[in-house]
Amino acid sequence: MTASQSACRAGADIGGTFTDIALEYEGRLYTAKVLTDYQKPERAIVQGLKLAAEEAGIAPSVIGSVVHGTTLATNALIERRGAKTAFITSEGFRDVIEMRHEGRFEQYDLAIQLPPPLIPRSDRFPLEGRLDAGGNELVPLDTAGLDRIIHAIREGGFTSVAVGLLHSYRNGAHERAVRDRLRSALPGVSVSISCEVSPQIREFERFNTVCANAYVKPLMSSYLNRLADALAAEGMRCPLYMIHSGGGLMSLASAAEFPVRLLESGPAGGAIYASHVAARYGIDRALSFDMGGTTAKICLIEDLHPKTARTFEVARTYRFKKGSGMPISIPVIEMVEIGAGGGSIAHVDDLKQVRVGPESAGSEPGPACYGRGGQHPTVTDADLILAKLDPHRFAGGSITLDTEASQAAMRRHVADPLAGTSVQGAYAVAEMVDENMSNAARMHAVENGRDLTEFTMIAYGGAAPLHAARLCEKLGIDRLIVPPGAGVGSAIGFLQAPFGYESLRSAVMRLSRFDAALVNTMIAGMNEEVAGFVQQTGHRGKTVRELRAYMRYAGQGWEIPVDAPDGEIDDAALRTLRANFTQAYTQLFGHDVEGLDIEVVSWALSLRSDVAAPERLQADNGRGVATRQQCPPIGIRDVFDAKRGRFLECAIYDRASLPRDLRLDGPLIVTEKETSSYVSPDYSLIQQQDGCLLIQRKQNQGA
């Protein structure tokens, strides 16, 4: 790699509507936003990279590395268009992924419809052989029965196989034996085993995870190979890294083997981006708000780090309620995701109520205003009707929006059924989507015991800056930051992500009967695993190692993460672990529980490259309020303000020409290539020295 290549990196984020590109070259950032190509997603990436390289004045071959995140695997699960997959599991456990567990996402619905399992019962094959909870063999593996299953898989034309056997998280010998026999007999069939994909306790979640991995593995492997070839064909013969759901970078080979780790890759990049902004300004409590074309994501960031979890759900089927989706058991940056993007479709239901999403117009055909055949009104159409969008400056002027098409679609599907006007329909759609997102943020905060009025919102994504001020009004948030390049925030976050990987393994063990030798052997294996994944990326620099234990009081049904001392677990480390659990439990629940034994359920070991903290900045409140003579706008138009329910005269500013020492009072709109930011009358804007827009409630600012 040449010196110029090492100084040039690109991030590529495929969303449901747009594909975003961020290119960093010689300390400057260049961006591009193009419509997602559903037939061949790699074409949009190549197109966007070429546009960004052209803006930077370089050839695409100068790009030294590409970091990629995609929703392709997630969409394949939601739309059920993965490989024909078989599932081999322990005798008697064939129906685990269909029976689920006793939790009900709608407690009083007597006719509740559970989500269908990813793999139908006819494609699930029970196999004799049993391990106990300690990983000891009780019944040998039935090799003759396995041969019969292999014959059925061959005859059935399956292209992928998931293997999930009972207690394999403690001992994967049976699963590896099944994999070896499958590979020998069916060399062209893809195989995933749960002891490698998700070696964690709780068979429902583990079985679902390995099934999901097997289901999307052929699709993702084919796509990643096509992407590498497409980049090489344009002269970009550079390393290609994938960002995984936990917020780290992994190699292409690792991503092809464990594509389930990519399910939340795009949103993870956005959370990293927001964390970087929070660290720059020393914001201990931030709420990241990412609203793109298809979905909106909300994440809590505390002590400069986004909240993480070991499990999450995809493809929720019942009003986005927890428990109605497919559980995936992998390390992930925890966030709330709802179907509320710029392309979310609005309609009136049987009760004459306005509903928005979760269905999206995507990029094909897109919102009605795109002029690509869309007939249904979307959030983008509502924003256009309310004059928040300039039809001639959308997406940097690459798309001219059709206001009349938006008005016609809004009248037909929303306004006429409610005997209103297109403006009233657009107002209802905008308020509904903003209230949906606000409710999701409130729920997430309550579940985590947090008061959002103490948080600063960080908004990014193509649609978020337009809606963020209204969310702040609804949530009582006083400060909002819109960083530079917010319209392609996740792609920028990819460039700030560390090389890293996290290993999770379960071994339920009470502290009173702690087997240190077993745990230390397991941790040594985890260390070898994470080191191998990081080395596979080619990273050879300094790394940071973190060990956590997931613990609970004996008899409890769920556990909490606890920092564990690094190094060998001995008596002193055990005492520290006990004290850390008591402190964490008390902080979360307000008290500890005396007289109960404590147990460790799982261990998590992460290894990541050491990323330098950003330079700290002090927020600038401006030396005074700018007049229009001091800072003339590029235009003035009437824009609808939801809080006041009417159009207000609004100044329009270009972001590149904003002053950095004066405040601008709302209402105003700041336009840029990938997005626009709306500042309501109750807020003022001050551009910071790093280009961030600081939007604050007026009474909370100085004179």
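A crossing of two helices is called right-handed if the near helix is turned clockwise from the far one by less than a right angle, and left-handed if it is turned anticlockwise. With that in hand, welcome to a short tour of this predicted model. In it, helix H3 passes helix H8 in a right-handed crossing.

**Helices H3 and H8**

- Two packed helices are described by the angle between their axes and the distance between the axes.
- For H3 (residues 72-79) and H8 (residues 203-233), the angle is about 130° and the axes lie 10 Å apart. That angle makes H3 oblique to H8.
- On the H3 side, the contact is made by Leu72, Ala73, Ala76 and Leu77. Their counterparts in H8 are Ala212, Tyr215, Val216, Leu219, Met220 and Tyr223.
- Sorted by class, this contact of H3 with H8 holds 10 nonpolar residues, with no polar and no charged ones.

- Strand S24 (residues 479-482) pairs with S35 in the antiparallel sense, over 4 bridges. Here Arg479 stands opposite Gln696 of S35.
- Strand S34 (residues 683-687) also pairs with S35 in the antiparallel sense, over 5 bridges. In this pairing, Ile686 has Leu694 of S35 as its bridge partner.
- S34 and S35 form a hairpin with 5 residues between the strands, and in this hairpin Gly691 takes a positive phi near 95°.

- Most residues other than glycine have a negative phi. The next two residues are worth a look with that in mind.
- You can find Lys352 in the loop between strand S21 (344-348) and strand S22 (354-360).
- Is Lys352 buried or exposed? Lys352 is exposed, because its relative accessible area is 52% and the cut-off for exposed is over 50%.
- Ala387 counts as buried because its relative accessible area is 14%, and buried means under 20%.

Conventions:
Residues numbered from 1 in each chain as written. Predicted model: local features only at pLDDT ≥ 70, side-chain atom pairs only at ≥ 80, totals over all residues. Heavy atoms only, no water. Axes fitted to C-alpha atoms, helices over the stretch in contact; angles between N-to-C directions. Helix = DSSP H or I, 4+ residues; strand = E, 2+ residues; numbered from the N terminus. Parallel < 35°, antiparallel > 145°, perpendicular 65-115°, else oblique. Contact = heavy atoms within 4.5 Å. Nonpolar A, V, L, I, M, F, W, Y, C, P; charged D, E, K, R; others polar. Buried < 20%, exposed > 50% of the residue type's maximum accessible area, 1.4 Å probe, protein only. Pairing = 2+ DSSP bridges.
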